[in-house]
Amino acid sequence: MTKYLQIELIIERMAHKRACRVLESAGMTGYTVFPAMAGYGGSKRWSRDTDISASADMVSIVSIGDEDKVRNTMDEIASLLGAHIGIVTLTEVEVMRPGRF
Amino acid sequence: MTKYLQIELIIERMAHKRACRVLESAGMTGYTVFPAMAGYGGSKRWSRDTDISASADMVSIVSIGDEDKVRNTMDEIASLLGAHIGIVTLTEVEVMRPGRF
Amino acid sequence: MTKYLQIELIIERMAHKRACRVLESAGMTGYTVFPAMAGYGGSKRWSRDTDISASADMVSIVSIGDEDKVRNTMDEIASLLGAHIGIVTLTEVEVMRPGRF
Amino acid sequence: MDVAISTLLSPIILFFALGMFAALLRSQMSVPEAFAKGLAIYLMMAIGLKGGVEMSKNPLTLDIMLVLLAGIVLSFLIPALAYLLLRLTTKLDQTNAAATAAHYGSISIVTFVAATEAVRLSGLDSGGHLVAVAALMETPAIITALYLASRGQKRSEPVAGSEQGELVREVFLNASIVVLVGALAIGWIAGEEGTASIQPFFVGLFQGVLCLFLLDMGLSAGRGLRQGWRQLTAAIVGFGLYMPLISAVIAAGTAYILGMPPGDAALLITLTASASYIAVPAAMRLALPEAKPSIYLTLSLGVTFPFNVTIGIPIYIYLALLINGQG
Amino acid sequence: MDVAISTLLSPIILFFALGMFAALLRSQMSVPEAFAKGLAIYLMMAIGLKGGVEMSKNPLTLDIMLVLLAGIVLSFLIPALAYLLLRLTTKLDQTNAAATAAHYGSISIVTFVAATEAVRLSGLDSGGHLVAVAALMETPAIITALYLASRGQKRSEPVAGSEQGELVREVFLNASIVVLVGALAIGWIAGEEGTASIQPFFVGLFQGVLCLFLLDMGLSAGRGLRQGWRQLTAAIVGFGLYMPLISAVIAAGTAYILGMPPGDAALLITLTASASYIAVPAAMRLALPEAKPSIYLTLSLGVTFPFNVTIGIPIYIYLALLINGQG
Amino acid sequence: MDVAISTLLSPIILFFALGMFAALLRSQMSVPEAFAKGLAIYLMMAIGLKGGVEMSKNPLTLDIMLVLLAGIVLSFLIPALAYLLLRLTTKLDQTNAAATAAHYGSISIVTFVAATEAVRLSGLDSGGHLVAVAALMETPAIITALYLASRGQKRSEPVAGSEQGELVREVFLNASIVVLVGALAIGWIAGEEGTASIQPFFVGLFQGVLCLFLLDMGLSAGRGLRQGWRQLTAAIVGFGLYMPLISAVIAAGTAYILGMPPGDAALLITLTASASYIAVPAAMRLALPEAKPSIYLTLSLGVTFPFNVTIGIPIYIYLALLINGQG
Ligand SMILES: Nc1ncnc2c1ncn2[C@@H]1O[C@H](COP(=O)(O)O)[C@@H](O)[C@H]1O
Ligand SMILES: Nc1ncnc2c1ncn2[C@@H]1O[C@H](COP(=O)(O)O)[C@@H](O)[C@H]1O
Ligand SMILES: Nc1ncnc2c1ncn2[C@@H]1O[C@H](COP(=O)(O)O)[C@@H](O)[C@H]1O
Ligand code: NA
Ligand code: NA
Ligand code: NA
């Protein structure tokens with residue numbers, strides 16, 4: 001049985017289009033981007049309300065696909081994350097209508 | 001031991017109340033809805049900022065429950081997703097205060 | 001091999017700073033907060049658009065760390081959730097750049 | 001001609017052009033959605049109040065009632081014609097053709113507002129009841145379209161989770177109908193005197209706010225076009241350009257029969273020629289989820305709206321003068 | 001009577017009614033939260049500045065100081081009475097009764113603003129220091145309620161993650177206190193002349209913005225009521241209607257003793273009769289998380305606020321005239 | 001002196017102070033981001049239009065062209081000086097020093113607007129072309145900084161997912177350039193007459209909106225400072241205070257050579273002395289992601305902006321009078 005994975009990328013809002021291009025060019029069939037409103041890391045806090053430049057804003061990019069496709073994107077994502085802050089997790093998920101991925 | 005699952009439904013904002021009704025009538029004890037800000041699928045991109053009608057907006061609906069209840073909702077959700085776009089994933093999770101679900 | 005867990009806390013917006021302080025003081029190296037727009041639980045619905053006081057708003061706090069650190073925070077979080085509404089889930093995830101957590 | 005040029009060089013249209021231009025050059029700038037939506041509510045309150053105050057000054061004549069009725073009839077019929085043309089000239093299937101037709105039968109409030117400004121600039125008068133016509137023309141088109149989409153289909157089961165009345169509420173109680181009709185009624189009740197203290201906000205600022213709003217509309221239209229043009233064939237784009245003109249001619253005939261004065265006629269023609277890009281897309285997502293927004297929305301917002309706001313309105317004013325023997 | 005009718009037919013109240021009506025009919029329309037919150041800040045800046053400019057024209061007399069003090073005392077005491085009534089007439093437990101009582105001791109700025117307009121329409125004058133009274137009355141009620149909620153309970157440990165001073169900051173530095181007091185001070189410092197250039201924004205637009213804001217308040221109140229009415233027993237709803245009247249009578253007595261002129265008295269009565277639905281609910285979520293917002297918020301926003309804005313204010317103005325021998 | 005005091009006590013600055021004060025006391029209040037961003041677009045449209053209308057009244061002289069050119073040159077050169085000073089006096093590495101230098105070469109539109117008000121209050125006149133200077137000075141600094149950051153580094157591969165032209169679009173087509181330049185052109189084309197109907201919105205409300213916006217800026221600056229001050233050494237803070245003065249002196253010299261009248265000179269000096277906190281941080285996240293926003297943003301928004309708005313502007317006006325022999 002095919003195994004499906006969900007990639008979650010938490011990354012700077014300013015860089016999210018780069019991440020989206022990486023996912024698209026690696027062949028993921030879709031993704032969805034969610035805005036974060038606050039966060040903490042490296043002992044610094046940020047919060048959307050307090051930063052008029054929005055330059056510290058983060059987003060979460062969620063993309064679901066089969067294991068092969070997902071593993072494929074990891075190299076490119078690693079290169080992206082070399083330059084930007086942000087974290088990536090992979091979670092095993094069960095999907096409905098697998099044909100769609 | 002009871003197994004708990006998290007349903008995540010990524011669906012059009014316009015249809016989210018339908019999905020919520022499905023979850024409620026199937027007996028899930030709760031859910032939470034998160035707004036997405038952009039996405040990609042079927043080789044089309046959407047972004048909240050660029051669509052004044054908001055008709056392409058998606059949301060994520062997260063609902064946690066025990067395996068039986070969750071599996072129960074799947075038929076109804078399949079029927080909903082027959083008409084609407086959107087994807088569903090199930091993830092195994094560990095919960096605190098299991099009595100609450 | 002170290003196991004990594006993702007904590008997801010769905011909690012009242014008004015109380016989210018308390019939750020953040022709990023995570024920080026328990027030694028989690030980061031977290032990200034996402035705004036919810038609607039929800040249901042205890043047979044009551046809320047929706048951001050309909051509540052001018054925003055006092056029913058919920059947020060999701062996501063924090064990733066190794067199993068030990070995450071388990072460590074659970075006591076404090078239980079005490080927090082004794083007073084507030086909200087739910088917690090733990091999900092096993094795979095991380096890139098594990099050194100960072 | 002003069003009207004055309006002064007319309008095209010009015011700041012309102014120039015800001016719209018600025019927005020389109022920036023979007024086509026792929027500028028990242030955007031007007032926050034919440035802010036733009038707030039401005040839209042302001043604009044609808046303002047035109048509703050203005051229409052209501054004007055209506056309060058004159059009795060409700062049979063002539064006015066006939067114009068209201070004409071608007072409803074036009075909104076019911078235009079989608080049938082649009083559907084026919086789409087099926088004949090494009091490859092759209094039944095559902096997509098019906099969904100698109102609904103947009104052209106309904107109206108665009110922003111086009112209406114821009115036309116009101118252009119009519120005023122041309123030195124013509126228009127009656128407050130045209131705002132009521134606008135509100136009345138929003139929905140009949142949707143009903144026609146749903147009928148067209150279901151013709152010959154075997155009745156399908158309702159989608160899981162759908163609720164009795166859900167669509168009716170979405171269609172008849174959407175923001176623009178509630179605010180337009182509500183503000184119209186309030187303007188009517190309160191009258192000139194009762195609304196004097198809110199005039200600085202609703203009258204004084206109107207044109208300025210419109211500039212800001214049209215900047216945002218230009219950005220949306222330009223982005224919609226840039227992201228969606230690949231979905232549109234030449235035949236579909238053609239429809240987005242000639243359909244408003246056909247509608248305009250039909251509406252001009254109607255206005256001629258009803259003996260409408262030029263200002264009122266220009267607005268009725270504009271309404272008929274305009275296409276919805278807010279209320280109808282939302283309704284279509286509920287009623288015809290299989291239809292593709294990338295077609296109907298790109299066409300209405302990216303092609304027809306810019307056409308109407310720049311070239312269309314001067315033509316419609318000209319048509320209105322023509323049927324009054326002043327062309 | 002005249003006042004009552006002209007208040008009820010003012011566009012401000014009509015827009016509120018429109019919002020409630022749309023919400024009760026389950027219209028999906030909404031004013032974006034960010035936009036409404038922005039307007040709320042504008043409104044508070046405007047009334048703060050106005051109050052400050054007016055105060056800058058006269059010295060700070062003992063009379064004024066006494067009114068400020070009276071406001072604080074009323075805010076401290078009303079919750080005790082409200083708590084007693086709730087415990088006697090409803091089945092609310094200690095925590096929920098205390099949380100609800102806090103709302104009725106505190107004030108609603110929008111009700112205050114609507115009353116200012118009604119007072120102006122009635123041809124009465126009011127002093128700028130009533131804005132200061134409004135700011136001062138926001139918080140004492142919370143302190144009383146926390147005391148009532150903790151009476152007889154054994155001291156519980158602080159919630160994990162809670163921070164020294166967190167509640168105090170929330171309570172004393174919430175948006176409305178910061179903006180009201182800040183703008184009052186700025187109006188006072190800058191005076192009539194210094195604020196002349198910002199008058200078109202803060203004075204000219206005030207009533208218009210209020211219309212838009214009350215449309216949103218109507219939507220919120222209507223939706224709150226529709227979603228939450230099941231949580232309310234008849235006894236609780238009754239409390240939401242008679243409590244403002246009891247508070248009003250107490251405030252009227254106070255105003256009589258202090259010899260306040262009718263305009264000022266009407267505003268003090270309105271403040272005392274009004275119930276908070278923004279600042280106090282937020283504080284309660286931190287201080288008494290076990291109390292149910294579906295009770296206190298539905299009652300304050302869905303029952304008492306509409307009552308006050310439509311029926312209450314004319315009564316309060318009448319009371320104010322009465323104690324001045326002009327009823 | 002008088003100017004300094006009337007500037008400091010103008011409601012605009014007082015609201016800024018209120019915001020900073022509230023943030024430093026850790027008040028939770030905030031102006032919703034979408035609303036503040038909407039106001040920012042309004043402000044840029046308003047100054048663009050004003051500048052364009054003024055420019056439409058006079059021909060484009062060589063003098064004006066020279067001022068435009070001077071602005072560009074200053075924006076190119078200031079970062080080099082800033083970089084040198086940062087490397088000599090602080091421990092910032094090459095990347096962080098270059099990123100910070102970019103901010104000081106570019107400009108802050110809000111500081112510019114506040115200076116325009118102060119210049120007006122001082123009874124001086126200023127030309128519309130300074131708005132064009134502002135737009136032109138936004139970007140050259142970024143180019144210098146990118147050169148400084150890459151000097152001596154071996155050319156790195158492009159980041160995965162980055163796109164040709166992405167940075168150029170971000171830098172040259174950001175919101176403030178699009179809106180400023182667009183509104184300037186529209187004001188120029190439409191002229192005084194063509195913009196008459198939008199004056200109540202764009203001119204009448206300007207100062208009031210500025211108050212509301214500066215309240216938000218004060219909150220942002222205060223919070224930035226509170227959250228980020230730990231990242232700043234004394235040497236870095238010092239730079240944030242003396243660098244604007246150095247820039248101001250250089251700009252004053254330039255203005256003297258060009259023989260600029262005092263109002264224009266004051267604005268050129270202010271632009272040169274101001275530091276960006278919106279456009280440049282966004283560009284740096286794309287171009288130099290390794291540089292730390294907690295340094296450059298805290299410094300520019302938390303230190304230099306408050307300094308300029310309160311103390312700096314009066315000094316810059318004084319400098320402008322001095323070089324015109326009127327100090
Ligand atoms: N362990 C984590 N779990 C969830 N989000 C994180 C974590 N670490 C960092 N983040 C997010 O990434 C942002 C930047 O983190 P950092 O690179 O550590 O400064 C933070 O502000 C958070 O929003
Ligand atoms: N594989 C996926 N992972 C995450 N989100 C997806 C995925 N596929 C589709 N989506 C979301 O669903 C929307 C509609 O997808 P589609 O039906 O393929 O056009 C997209 O715009 C995304 O927001
Ligand atoms: N099973 C659940 N899954 C996801 N979210 C939930 C669940 N239960 C409750 N919630 C969220 O928590 C809020 C409060 O729930 P309750 O405490 O049950 O009233 C709800 O409005 C939802 O946003
Ligand atoms: Na039409
Ligand atoms: Na009260
Ligand atoms: Na500079």
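This is a predicted model: local features need pLDDT of at least 70, side-chain atom pairs count only at pLDDT 80 or more; totals for chains, interfaces and linings use all residues.

How far does a backbone N or O atom of B:Gly41 lie from an oxygen atom of ligand 2, and what is the distance in Å? The separation is 3.3 Å, which falls under the definition of a polar contact: a pair of N or O atoms within 3.5 Å, where, within protein, one atom must be able to donate a hydrogen and the other to accept it, and residues adjacent in sequence count only if both atoms are side-chain atoms. Residues are numbered from 1 along each chain as its sequence is written, chains are lettered from A and ligands numbered from 1 in the order in which they are written, and side-chain values use heavy atoms, with hydrogens and water left out.

Ligand 2 is situated between chains A and B. Its surroundings comprise 17 residues, the closest being A:Thr32, A:Ile64, A:Arg100, B:Gly42 and B:Trp46; a residue counts as near if one of its heavy atoms lies within 4 Å. From chain A, an N or O atom in the side chain of A:Thr32 is 2.8 Å from an oxygen atom of ligand 2. From chain B, a backbone N or O atom of B:Gly42 lies 3.1 Å from an oxygen atom of the ligand. Taken alone, ligand 2 exposes 480 Å², and the protein buries 91% of that; such accessible areas come from the Shrake-Rupley method with a 1.4 Å probe, and for residues only the protein chains shown count as cover.

The shell around ligand 2 draws at least two residues from each of three strands, namely β2 (30-35) and β5 (58-66) of chain A and β3 (38-41) of chain B. Helices (H or I, at least four residues) and strands (E, at least two) are DSSP runs, numbered from the N terminus. By class, the shell holds nine nonpolar, seven polar and one charged residue. Here Ala, Val, Leu, Ile, Met, Phe, Trp, Tyr, Cys and Pro count as nonpolar, Asp, Glu, Lys and Arg as charged, and the others, Gly among them, as polar.

The next site is that of ligand 3. Because residues from chains B and C surround ligand 3, the site is shared between chains. Of the 17 residues around this ligand, B:Thr32, B:Ile64, B:Arg100, C:Gly42 and C:Trp46 come nearest. A polar backbone atom of B:Gly30 is 3.4 Å from a nitrogen atom of ligand 3, and a backbone N or O atom of B:Tyr31 lies 3.4 Å from an oxygen atom of the ligand. On the chain C side, a backbone N or O atom of C:Gly41 is 3.3 Å from an oxygen atom of ligand 3. The protein covers 92% of the 480 Å² of accessible area that ligand 3 has on its own. Strands β2 (30-35) and β5 (58-66) of chain B and β3 (38-41) of chain C each contribute at least two residues to this shell, whose residues divide into nine nonpolar, seven polar and one charged.

Chain A itself has two helices and six strands, arranged from the N terminus in the order β-α-β-β-β-β-α-β. Its C-alpha trace spans about 45 × 25 × 20 Å along the principal axes.

Attention now passes to chains F and D. In this pair, 29 residues of chain F are in contact (heavy atoms within 4.5 Å) with 24 residues of chain D. The area buried between them is about 2,200 Å², with carbon and sulfur atoms giving 80%; buried area is the accessible area (1.4 Å probe) that two parts lose on being put together, summed over both. F:Arg169, F:Ile186 and F:Phe201 supply 23% of the area that chain F buries against chain D, more than any other three residues. One salt bridge is counted between the two chains, the term denoting a side-chain nitrogen of Lys or Arg within 4 Å of a carboxyl oxygen of Asp or Glu. D:Arg26 forms a salt bridge with F:Glu163, their closest N and O atoms being 3.3 Å apart.
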